[in-house]
Amino acid sequence: MDQMGQNPAFERFLRAKVGEDANGTDVSVISMLARLEVDPWAEASDLAAMPDAPARKRLGFLLSRFKDVPTLSHEQGKIVSKLLDLLPRKMKITSSPELERKLPVFMISVPLYWYIIAFLLLRWVYQLAQG
């Protein structure tokens with residue numbers, strides 16, 4: 001994290017061009033969000049953490065509220081896709097039904113550290129029994 005919670009991982013997204021305003025000036029995402037009185041870094045972080053559909057809906061809503069760029073209404077879907085591609089999105093690991101059938105249920109939902117603790121506890125009990 002940079003100062004004041006401004007994560008540099010969001011720079012590409014926040015500096016991306018949304019379009020040109022009526023004066024011909026390039027408007028970036030950070031400028032658009034600031035003009036909408038939305039914290040740019042908090043919004044970028046929220047969007048990056050969302051699944052694709054809600055992120056698309058949220059960013060589309062923000063773009064629809066922003067009237068300073070006349071071409072946004074015509075190209076909104078394309079711009080949303082382009083901008084979301086610039087966010088550092090976390091890949092979700094989904095388990096496959098085949099894997100779930102092969103592993104016992106307790107192995108799917110128990111964190112590894114519990115296995116380590118159980119092993120150490122059993123080893124300690126064994127050593128006590130041996131004298």
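The exercises below work through a predicted model of one protein chain.

Residues are numbered from 1 along each chain as its sequence is written. Local features need pLDDT of at least 70 and side-chain atom pairs pLDDT 80 or more, while totals for chains, interfaces and linings use all residues; side-chain values use heavy atoms, without hydrogens and water.

**Exercise 1. The chain as a whole**

Task: State how many helices and strands the chain has, and in what pattern they follow.

Solution: 
- Step 1. Apply the definition: helices (H or I, at least four residues) and strands (E, at least two) are DSSP runs, numbered from the N terminus.
- Step 2. Count the elements: there are eight helices and two strands.
- Step 3. Read along the sequence: the pattern is α-β-β-α-α-α-α-α-α-α.
- Step 4. Buried means under 20% relative accessible area, exposed over 50%, and partly exposed in between (1.4 Å probe, protein chains only).

**Exercise 2. The hairpin**

Task: Describe how β1 and β2 pair, then find the place of serine 28.

Solution: 
- Step 1. Two strands pair if DSSP finds at least two bridges between them. Strand β1 (residues 17–20) and strand β2 (residues 26–28) have three bridges and run antiparallel.
- Step 2. Five residues stand between the strands, and glycine 24 in this hairpin has a positive phi near 85°.
- Step 3. Serine 28 belongs to β2 and is the bridge partner of lysine 17.
- Step 4. Serine 28 counts as buried because its relative accessibility is 17%.
- Step 5. Beyond four places in sequence, serine 28 touches Leu14, Arg15, Ala16, Lys17 and Val18. Contact means heavy atoms within 4.5 Å.

**Exercise 3. One face of helix α3**

Task: Explain why the buried residues of α3 line one face of the helix.

Solution: 
- Step 1. List the buried residues of α3 (residues 40–49): Pro40, Trp41, Glu43, Ala44, Leu47 and Ala48.
- Step 2. Seen down the axis, these residues fall within an arc of 160°, so they line one face. The arc is that of the directions from the helix axis to the C-beta atoms.
- Step 3. Recall the helix rule: an α-helix has 3.6 residues a turn, so residues three or four places apart point the same way.
- Step 4. Name the cover: it includes α1 (11–15), α2 (29–35) and α4 (52–65).
- Step 5. Look at the N-terminal end: aspartate 39 caps α3, with a side-chain oxygen 2.9 Å from the backbone nitrogen of tryptophan 41.

**Exercise 4. A loop residue**

Task: Say where glutamate 37 lies and whether it is buried or exposed.

Solution: 
- Step 1. Glutamate 37 is in the loop between α2 and α3.
- Step 2. Its relative accessibility is 76%, so glutamate 37 counts as exposed.
- Step 3. Phi of glutamate 37 is near 60°, which is positive although the residue is not glycine. Most residues other than glycine have a negative phi.

Methods. A polar contact is a pair of N or O atoms within 3.5 Å; within protein, one must be able to donate a hydrogen and the other to accept it, and residues adjacent in sequence count only if both atoms are side-chain atoms.
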